[in-house]
Amino acid sequence: MRPAEGVYHRLNPTTKLVIAFAAALIAFGVRGWSGPVGVLGVVGVTAAVAGIGRGMRPFVLATLPLIASILIVNTFLYPDAHDVLFRVGPLAATGTGLAAALQASLRVVAFALSVAVFSLTTPTDDLLVDLEHRGLGRRGVFVIGAAIRTIPRMAERAGEIVESQRARALDTEGSLLRRVRGLVPLAGPLILGALSDVEERTMALEARAFSAPGRRTTLRPIPDTAGQRAVRWLVALGSLALLAATAGGVITPP
């Protein structure tokens, strides 16, 4: 569990979850440049206040393959675009396609960074406890917790398997061909381990009366305030109103 290191860290998990959802909705729902650029500005300020700038790098790196595909496809294959910038063989790069690609890339980065801020400032246990305290069913809490923990657990297990294979003299470094060969002995234990985890987790949940009727009592309620509740409603309603205004043409963003 991460310690509460600042004001944003100490906010209620649901408050940060609503802010993250609102940022994602605005980034993808507001047309033009203002949506993603505005979200990036807010996320940047929040990250600076929370002191998590360095921790956001992996989230940005994870978007690079998607951004590369967006730039290539839109720049060269954007439909009905005729403002040609340059040609690469039979393909023509257009200004309209490039602008659309840059906007889409900014939306992806804004979404990734809003998720990064939420993830880096919110311990998973606190989020699940708060959601359960608010009445979310145990199955919903379990699904959310499992989804959040799956990728970090798989990455951790993959690292353990790689280290074990290296200890057995398996070469997993060097040329691309050697790395590809190293994936075969990695995939088998990774998949079998994941299946074993599912079985063990199922047995552990049943041993703790997961299927028992009735609502469980939360022993560690997460602090919440009237001010934060007001902020949540303001952010949620404000983002929905902004989306409705742009969709209806009341606001025409640049």
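Visitor: What does buried mean for a residue?

Guide: Buried means under 20% relative accessible area, and exposed means over 50%. This model is predicted. Take Pro123 as a test. At 11% relative accessibility, Pro123 counts as buried.

Visitor: Where is Pro123 found?

Guide: Pro123 sits in the loop between α4 (95-121) and α5 (124-133). Now look along the chain. Pro123 and Pro13 are 110 residues apart in sequence, yet 8.3 Å separates their C-alpha atoms.

Visitor: Next, the cores. Which residues have the most contacts inside the largest nonpolar core?

Guide: The general idea comes first. In soluble globular proteins, nonpolar side chains tend to be buried together. Here the largest nonpolar core has 19 residues. Those with the most contacts inside it are Val39, Val43, Ala47, Ile52, Met56, Leu113 and Val117.

Visitor: Which helices each supply at least two residues of this core?

Guide: They are α1 (13-29), α2 (34-50) and α4. The largest share comes from α4, with six residues. There is also a second, separate core of five residues. Leu17, Phe118, Leu127 and Leu131 are among them.

Visitor: What does Ile52 touch, not counting residues up to four places away in sequence?

Guide: Ile52 touches His9, Ala47, Val117, Leu120 and Thr121.

Visitor: Now a helix. How do I read the length of α2?

Guide: Compare its span with the expected one. α2 has 17 residues and reaches 24 Å from its first C-alpha to its last. That is close to the 24 Å expected at 1.5 Å a residue.

Visitor: Which residues of α2 are buried?

Guide: They are Gly35, Pro36, Val39, Val43, Thr46, Ala47 and Ala50. Look down the axis of α2. The buried residues fall within an arc of 100 degrees, so they line one face of the helix. They pack against α1 and α4.

Visitor: What does the face of α2 turned away from its buried side carry?

Guide: That face carries the exposed residues Val45, Ala48 and Val49.

Visitor: What follows α2?

Guide: Gly51 does, and its phi is positive, near 70 degrees. Another helix, α5, is followed by Gly135. The phi of Gly135 is positive too, near 110 degrees.

Visitor: How many of the ten residues of α5 are buried?

Guide: Seven are, so α5 is largely enclosed by the rest of the structure. The buried residues are Asp126, Leu127, Leu128, Val129, Asp130, Leu131 and Glu132.

Definitions and conventions: Residues are numbered from 1 along each chain as its sequence is written. This is a predicted model: local features need pLDDT of at least 70, side-chain atom pairs count only at pLDDT 80 or more; totals for chains, interfaces and linings use all residues. Side-chain values use heavy atoms; hydrogens and water are left out. Helices (H or I, at least four residues) and strands (E, at least two) are DSSP runs, numbered from the N terminus. Buried means under 20% relative accessible area, exposed over 50%, partly exposed in between (1.4 Å probe, protein chains only). A nonpolar core is a set of buried Ala, Val, Leu, Ile, Met, Phe, Trp, Tyr and Cys residues joined through side-chain atoms within 4.5 Å. Contact means heavy atoms within 4.5 Å. The expected span of a helix is 1.5 Å times one less than its number of residues. The arc is that of the directions from the helix axis to the C-beta atoms.
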